[in-house]
Amino acid sequence: MTILKTRLYVLPGYSERRDFMTDLTNIPGIGKKMAQHLINAGYPDIESLKGQNPEDIYTKHCLIQGVSNMSCRCVLYCYRLAVHYADYDGQLPPDKQNWNDWKD
């Protein structure tokens, strides 16, 4: 398992930049940028995603990014995959191995 050290710009409870370690990039389809979006939305690691609603994470993401129309649905698909990965200890269904398999 790799741990990504990322520069954090927004984290609840902090007002300045901080270095932060995360395992989010172990999730298929979650790279450094998507990991940063999850951290900014308040989900710093895989454990924090367990039991979460991907739609709620997506809404937070859109509010933080200043996207009012929520048009980038591919981000939601990544969050669906990430939450399932967290909830099922890294197991994904055979037909849902990639973020684009999680479309509506």
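Among contacts in the protein chain (heavy atoms within 4.5 Å) between residues at least 6 apart in sequence, 39% join residues at least 24 apart. The model behind that number is predicted, so to speak of local features takes a pLDDT of at least 70, and side-chain atom pairs count only at pLDDT 80 or more, while totals for chains, interfaces and linings use all residues. Residues are numbered from 1 along each chain as its sequence is written, and side-chain values use heavy atoms, with hydrogens and water left out.

As for the overall layout, the protein chain has four helices and two strands. Here helices (H or I, at least four residues) and strands (E, at least two) are DSSP runs, numbered from the N terminus. Read from that end, the order is β-β-α-α-α-α. The chain has 104 residues, and 40% of them count as buried; buried means under 20% relative accessible area, exposed over 50%, and partly exposed in between, with a 1.4 Å probe and protein chains only.

Next comes the inside of the protein. A nonpolar core is a set of buried Ala, Val, Leu, Ile, Met, Phe, Trp, Tyr and Cys residues joined through side-chain atoms within 4.5 Å. The largest one holds 26 residues, and those touching the most other members are Leu24, Ile27, Ile30, Leu38, Leu49, Ile57 and Tyr79. Two or more residues each come from α1 (32–40), α2 (46–49), α3 (54–65) and α4 (73–87), with α4 giving the largest share, 10 residues. Once neighbours within four places in sequence are set aside, Tyr79 is in contact with Met34, His37, Leu38, Pro54, Ile57, Tyr58 and His61.

Helix α3 is worth a look of its own. Its 12 residues reach 16 Å from first C-alpha to last, close to the 16 Å expected at 1.5 Å a residue; the expected span is 1.5 Å times one less than the number of residues. Pro54, Ile57, Tyr58, His61 and Cys62 are buried in α3. They sit on the same side of α3, because they cover an arc of only 140 degrees around the axis, the arc being that of the directions from the helix axis to the C-beta atoms. An α-helix has 3.6 residues a turn, so residues three or four places apart point the same way. The buried residues of α3 pack against α1, α2 and α4.

On to the cysteines: the structure holds zero disulfides, a disulfide being a pair of cysteine sulfur atoms within 2.5 Å. Cys72 is in none, and its nearest cysteine sulfur, in Cys74, is 3.2 Å away. Cys72 counts as partly exposed, at 36% relative accessibility. For Cys78, the closest cysteine sulfur is also that of Cys74, but at 6.3 Å it is too far for a bond. Cys78 counts as buried, at 8% relative accessibility.

His84 lies in helix α4 and is buried, with a relative accessible area of 19%. Apart from neighbours within four places in sequence, His84 is in contact with Gln91, Leu92, Pro93 and Trp102. Asp89 is found in the segment after α4 and is exposed, at 63% relative accessible area. The phi of Asp89 is near 50 degrees, a positive value in a residue other than glycine.
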